[in-house]
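I opened the model to work through its fold and its chain contact. These are my notes, in the order I took them.

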Amino acid sequence: MGAYIARRLLSTLLVMALVGVFIFLLLHLAPGDPASIIAGDNASPAQIFKIRHQLGLDAPLVVQFARWVWQLLHGDFGVSIFSEAPVMELIRQRLPATLALTSTTISFAAILAVGAGVLAAWRAGGLLDRVLMGFAALGFSVPVFVVGYVLIYVCAIWLRWLPVQGYVPLSGGLWPWASHLILPSIALGLAYVALIARITRASMLEVLSEDYMRTARAKGASTGSMLFHHALKNAGVPIVTVIGIGVALLISGVVITETVFNIPGLGRLTVDAITNRDYPIIQGVIVVFSGTYVLVNLAVDLVYTLIDPRIRY
Amino acid sequence: MGISRRGVIGSGLAAGVFAPMVRRANAAPGDAGTLRTVMQGDLRVFDPIWTTANITAYYGAMVYDTLFAIDEHFKPQPQMVDKWSLSDDKKTYTFALRDGLGWQDNTPVTAADCVASVRRWAARDGGGQVMMQFVKDISAGDDKTFKIELTEPFGPVIDMLAKPTTPDCFMMRKKDAETDPFQQVSARIGSGPFTFNESETRPGSQYVFNRWDKYVPRKEPPSGLAGGKVVSLPKVIWENIADEQTALAALQSGEIDFYELPPIDLLPQLAADPNITLEALNKTGNVGIARLNCLHPPFASVEARQAMLYLLNQSDFMKATFGNPKYYQTCASYFGCGTPMQTDVNTDWFKHGVDLAKAKELFTKAGYSGEPVVVLQATNIAFMNNSAQLIAGQLEKIGVKAQLAASDWGGVVTRRSVMEPDDKGGWDVFITWGSAYAFSDPIGLLALAMNGKKAWYGWPTDDAYEKLRMEWAGAADDAARKAIGDKMAALGWNDVPAVILGQWVSPQAWRKNVSGFIGIPEIIPFWNVKKT
């Protein structure tokens, strides 16, 4: 197991390096010039040239890449072209909001979806199944921003139960923190509820038709014990897989959700940086995202061993 | 698993008990007097000389002060300056600073600070660079007086020091102002009416300003950016809400008090809200233009450029983006409408209206031979996106092959600097806009220069026009400037370096319990504003 984890961690570094090269080339070969944006609409070409020189953007691409890699090897993501703030510091400032949003979203989605999927499988073909799967289809079809706007209108403007936007750190109080995360978590989580619920239902249906489930029922196991103890554990691998995929997909979902609900997280940081061609930020954030993606996949693989003792690495 | 009556009643009671608690918990935070605003964009740069971003100029107007400032009639008035004089030969300006000026680190403002600040500003500002061609020396006398000595008379010195267009001539401490003009100043200490609260600021999220209680305002009532900057608000917070719909919802729910640029399509919703005031603070608004590349065919030919005047109907462009005529106007003035330089000289093309046959004839005279006309289309900005498509459509109507080059604005700003022909990454038309006020300043606005490859993108050349532009700079008074401006407009509409697409205002929205906003182009001042 230890050797397996070490191998996977090494491959994580390789993936991050490849992503880094790809992103660097993609950004620097795409049209756009931060110097022109900084200089403003009224700037002369000479002024823009001088800014480009100051930023080192007139150096050959190979030199710029070597500089960036050298910084990375020293644990330095560089500084923002615009604010001149260290990229690492910007990521550190934005990470808590994104972590809070993704963790509440995935918790909400997993708990609700697994429960709904189990119930739908238990009552397969019945009214409850159809209603739950109908909601699942709806959750999957409606875009995050539409759900977001509807929630804002109903819960924040009409009922005035929750704030429209913003983020308060946990240090600002439990309710202020939670109240700012409820609507975004629901908006972002609905698609994942739908996805996880459908996979849970399908996986549960397969397990419920197995002989050992009939045996459990014959031995007098209660419905709850049968569903959640015997069946769910055996249906767990595909569910954990899809939750893992969901965590990875959340990375793209947070970009929209953070914008709609004005949450100062990594998604907003990325969008703003792309608009301004703030290369060091984009590169830094994407390297972090790619590392997270690979590590989540590793965690999912390790969780398999807890669910299914037959799986060993 | 069924739903019981008891359950429904229990849920209802729980909702009845908890909902008011939730509402109370979500009521506006206990910061009475704090003004929460959503401005036009994120404040990424804190040096208002280093960048021309308007949001940074807003920040500058909070934290820094200026030697002069324009009043509501666009006339420069002393601000940090107490008295000033001009020598008889009109070559030496002498300035005396007023009493009570101090930096927010509790050191006094000195003439040496101002000398360094003017020099740094002039290195970055287009108009400042022109001014420096006439400057022999800028020097401090004692702690409160300094001089600008010229080699020959240059009329708009005071106008330049007062101008609200970016970069504004903000005063900084000498040690900050001595920073290379192409490097950012890292200190955030000025002598303006607000201090920047770094500890409460969350970059990318909110920017916090506190009233600076030691600021000594002028005694005169506020007028434009001039007069007394009396601050009532103890704190101003700029929230960075990128999503327009969310910002609007936040305004309607009372989470924010002021929204600088509500989207034009949502204005009816705000107008119908009894708690919201909707008003354009910048009455002259913005001028949209299609800039033409004078270096390569077809627009290297003046006939092809003149053809564009007969091809494009301003109303179409304004309707496509702004919809409601309440917010836009057509305008043929070379220097914008509602500005001190407004003129209708040489605008027969405008009075004549769209004439496709004439446009086609002019393109033929220009020797147009079917080459594609590349129109840069910034798809992420509605006005630019819509206008590019309209221009392409009109060109196609007269048989000119239009080619839209779609990218975001970042892509456009890069490509427009390419002087090569289209097949080597160049361009023929791009769309942009500027404040109408800026369009009335032929020295400050590079887009109004026609000095060939030294000019702004499009690189038009007209030596006679350039001679007039320098004469304008040296003109003694407004009447002389206006007369020279008329001659420039006459030449300008013959040369057609750009086509005007219309002029519009962008209303601001604020809650009814807020009052006292000062209407002026380029800056949103927060002094004089009250919240009850």
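**Entry 1. Chain B overall.** I noted at the outset that this is a predicted model. I counted elements and got 16 helices and 21 strands in chain B. I then checked the radius of gyration: 26 Å, close to the 24 Å that the globule rule gives for 532 residues, so chain B is as compact as a globular protein of that length. I boxed the C-alpha atoms along the principal axes and got roughly 85 × 75 × 40 Å. Buried residues make up 51% of the 532 in chain B. I also looked at contacts in chain B between residues at least 6 apart in sequence; 70% of them join residues at least 24 apart.

**Entry 2. The seven-stranded sheet.** I traced an open sheet in chain B with the order β8-β9-β10-β1-β11-β19-β12. Its pairing is mixed. Which strands stand at the edges? I found β8 (194–202) and β12 (276–279) of chain B there, each pairing on one side only. I followed one pair inside the sheet. Strands β9 (206–211) and β10 (235–239) of chain B run antiparallel over five bridges. In this pair, B:Gln206 faces B:Glu239 of β10(B).

**Entry 3. The four-stranded sheet.** I traced another open sheet in chain B, ordered β4-β5-β7-β6, with antiparallel pairing. β4 (81–86) and β6 (135–140) of chain B each have a single partner strand, so one side of each lacks a neighbour in the sheet. Neighbouring strands here are turned by 15 degrees against each other on average, direction ignored. I took the pair β5 (92–97) and β7 (145–150) of chain B and found antiparallel pairing over five bridges. B:Ala96 has B:Thr145 of β7(B) as its bridge partner. I then looked for a helix on this sheet. Helix α3 (111–124) of chain B lies across β5, β6 and β7 of chain B, at about 150 degrees to β6(B).

**Entry 4. Helix α2 of chain B.** Is α2(B) enclosed or open? Ten of the ten residues of α2 (54–63) are buried, so the helix is largely enclosed by the rest of the structure. Among them are B:Tyr58, B:Tyr59 and B:Met62. B:Asn54 and B:Thr56 are buried too. I checked what covers these residues of α2(B); the cover includes β8 and β9 of chain B.

**Entry 5. Where chain B touches chain A.** I counted 41 residues from chain B and 45 residues from chain A in the contact. On the side of chain B, the elements giving two or more residues are α1 (5–25), α7 (244–253), α14 (409–415) and β17 (429–435). Which element gives the largest share? I found α7(B), with six residues. I sorted this side of chain B by type: 14 nonpolar, 20 polar and seven charged.

**Entry 6. A helix pair in chain A.** I looked at α7 (144–158) and α8 (174–208) of chain A. They pack at about 145 degrees, with their axes 9 Å apart. The crossing of α7(A) with α8(A) is right-handed. From α7(A), the contact residues include A:Val147, A:Leu151 and A:Cys155. From α8(A), they include A:Leu183, A:Ala187 and A:Leu190. I sorted the contact residues and got twelve nonpolar, one polar and no charged.

How values were computed:
Residues are numbered from 1 along each chain as its sequence is written. Chains are lettered from A and ligands numbered from 1 in the order in which they are written. This is a predicted model: local features need pLDDT of at least 70, side-chain atom pairs count only at pLDDT 80 or more; totals for chains, interfaces and linings use all residues. Two strands pair if DSSP finds at least two bridges between them. The radius of gyration is taken over C-alpha atoms; the globule rule is 2.2 Å times the number of residues to the power 0.38. A residue is buried if 20 or more other C-beta atoms lie within 10 Å of its own, exposed if 12 or fewer, and partly exposed in between; C-beta atoms are placed from the backbone. Two residues are in contact if their C-beta atoms, placed from the backbone, lie within 7 Å. Ala, Val, Leu, Ile, Met, Phe, Trp, Tyr, Cys and Pro count as nonpolar, Asp, Glu, Lys and Arg as charged, and the others, Gly among them, as polar. Axes are lines fitted to C-alpha atoms, for helices over the stretch in contact, and angles run from 0 to 180 degrees between N-to-C directions. A crossing is left-handed if the near helix is turned anticlockwise from the far one by less than a right angle, and right-handed if clockwise.
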